[in-house]
Amino acid sequence: MSYLSQTDPAIAEYLTKELERQQDVLELIPSENIVSRAVLEALGSVATNKYSEGYPGRRYYGGNQEIDKIEAAAIERAKQLYGAEHVNVQPLSGAPANMAVYAALLEPGDTVLGMDLSHGGHLTHGHPMTVMAKIYNFVRYKTENDGTIDLDKLRTLALEHKPKIVLAGFSSYSRSIDYAGFKRIADEVGAITMMDMAHIAGLIAGKQLENPVKIFDVVTTTTHKTLRGPRGGMILAREQYSKAIDRAVFPGLQGGPHENVIAAKAVAFLEALQPAFEGYARQIMKNASVLCDELKNRGFKIVFGSTENHLILFDAFASKGVGGKHAERALDEAGITVNKNVIPDDTRPPLDPSGVRIGTPAITTRGMKEEEMKFVAEAIDRVLANPDDDSVKQAVREEVRTLCRRFPIYGDLSY
């Protein structure tokens, strides 16, 4: 019996049920993944007991000798992974990392040119409901009908609005970004270049996508998603911005960093430095490409036209006459976990949008390959063609469970 089950059997039971859920479903949310046992062990380590405000060698608390080594290891591994001049591993997640960059490099009222949320951007790239949009002036660019970003239109916006930051990056965009093109535009108007690579950080670390760290001034990321680490954030920057960014993270926005999470980040970075990680990243993209093609063959309308990374956004309403909320619930009942998502200029409400967003990081971690993607596409199609037919959903759920048991996670883990 575990310590947890003895101390708090209710939470132990919930975690056991969650482990069973993860084992028996196809996890297709592109921002989710399955971390290693080593990452889990570091995350639940004694580092959680230590307060360590400040940075390695410059703490406001004593007793940080070993914690300093842990954080320094995370920093050096991240630098090696991405070729960064400066790294801050303390942001609690991606949104705080973006907020810290804005706080470091902008004055209230300064302009940021960022991607529109419905066209693939993130909330922190200027959505009017966010705190950042109340402090800074966000001008939002959109994609074209063919799914691309028109750099001539981007340049026109930049020349008109003279942004302090030109921001690339996305939450649901499935195509590649022309970093050099963005930088030329930013240089022309004297702007700082910023990339939010949260979704594709693992694909970049795995050498499957171009590395923006060598091109842009500042790059932010989460450390989970395709990077397959703990939930957390990170900022990579040119040395000239290092002091301002560090001050913005601490004491500007955060107090004591979560050093257990930083220890887990360090482990994940070491895993990503291994040769096998390149194969993993390559397989993520192979799986996404096959899954996208199989869905197209079944009549699904793929937003942005195709995928060039790990994620796929499809218009469930146009494809199958099913709203995103209905589609998400029906697939969940069939053992396929997805998330509803807005599509460009969506006319449906945000809580019941037209789109569904899926991705391949977690199922690739489990070892699934191209052949399994064909089953996934067929299963999605079968459910969304009959979203209210319980017998269909139950049949798919049993098939999904059988497939998942061939690709188990965590072995003997228990609570």
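The legends below go with several close-up views of this predicted model. Residues are numbered from 1 along each chain as its sequence is written, and side-chain values use heavy atoms, with hydrogens and water left out. In this predicted model, local features need pLDDT of at least 70 and side-chain atom pairs count only at pLDDT 80 or more, while totals for chains, interfaces and linings use all residues.

**View 1. Helices α12 and α16 pack against each other.** Two packed helices are described by the angle between their axes and the distance between the axes. Here, α12 (residues 275–297) and α16 (residues 370–385) meet at an angle of about 40 degrees, and their axes are 9 Å apart. Helices (H or I, at least four residues) and strands (E, at least two) are DSSP runs, numbered from the N terminus. Axes are lines fitted to C-alpha atoms, for helices over the stretch in contact, and angles run from 0 to 180 degrees between N-to-C directions. The crossing of α12 past α16 is right-handed (the near helix is turned clockwise from the far one by less than a right angle). On the α12 side, Q283, K286, N287, V290, L291, E294 and L295 make the contact, and on the α16 side E370, M373, K374, V376, A377 and I380 do (contact means heavy atoms within 4.5 Å). Sorted by class, these are 7 nonpolar, 2 polar and 4 charged residues. Ala, Val, Leu, Ile, Met, Phe, Trp, Tyr, Cys and Pro count as nonpolar, Asp, Glu, Lys and Arg as charged, and the others, Gly among them, as polar.

View 2. Look for P251 in helix α10 (residues 242–253).

**View 3. F304 has a positive phi.** Phi of this non-glycine residue is near 70 degrees. F304 sits in the loop between β11 (301–302) and β12 (311–315). With 5% relative accessibility, F304 counts as buried (under 20% relative accessible area; exposed is over 50% and partly exposed in between, with a 1.4 Å probe and protein chains only).

**View 4. H224 and the residues it touches.** H224 belongs to the loop between β9 (218–222) and β10 (233–237). H224 counts as buried because its relative accessibility is 10%. Leaving aside residues up to four places away in sequence, H224 touches S31, S93, G229, P230, R231 and G232.

**View 5. The largest pocket holds about 720 Å³ of space.** A pocket is an open set of points on a 1 Å grid over the protein atoms alone, where a 1.4 Å probe fits, with protein on both sides within 12 Å along at least five of seven lines; lining residues have an atom within 4 Å of a point. Grid points are joined across faces, edges and corners, and a volume is the space filled by probe spheres set on the points. Of the 35 lining residues, L117, G121, L123, S171 and V342 lie nearest the centre of the largest pocket. Both α5 (94–105) and β14 (339–341) supply at least two residues of this lining. The lining has 11 nonpolar, 14 polar and 10 charged residues.

**View 6. The second largest pocket and Y410.** This pocket has a volume of about 540 Å³. Its lining has 24 residues, with Q22, N33, V35, L40 and Y410 nearest the centre. Helix α2 (9–24) and helix α3 (37–43) each supply at least two lining residues, and α2 gives the most, with 5 residues. By class, the lining has 13 nonpolar, 5 polar and 6 charged residues. Y410 itself is in the segment after α17 (390–405), and its phi is positive, near 65 degrees. At 16% relative accessibility, Y410 counts as buried.
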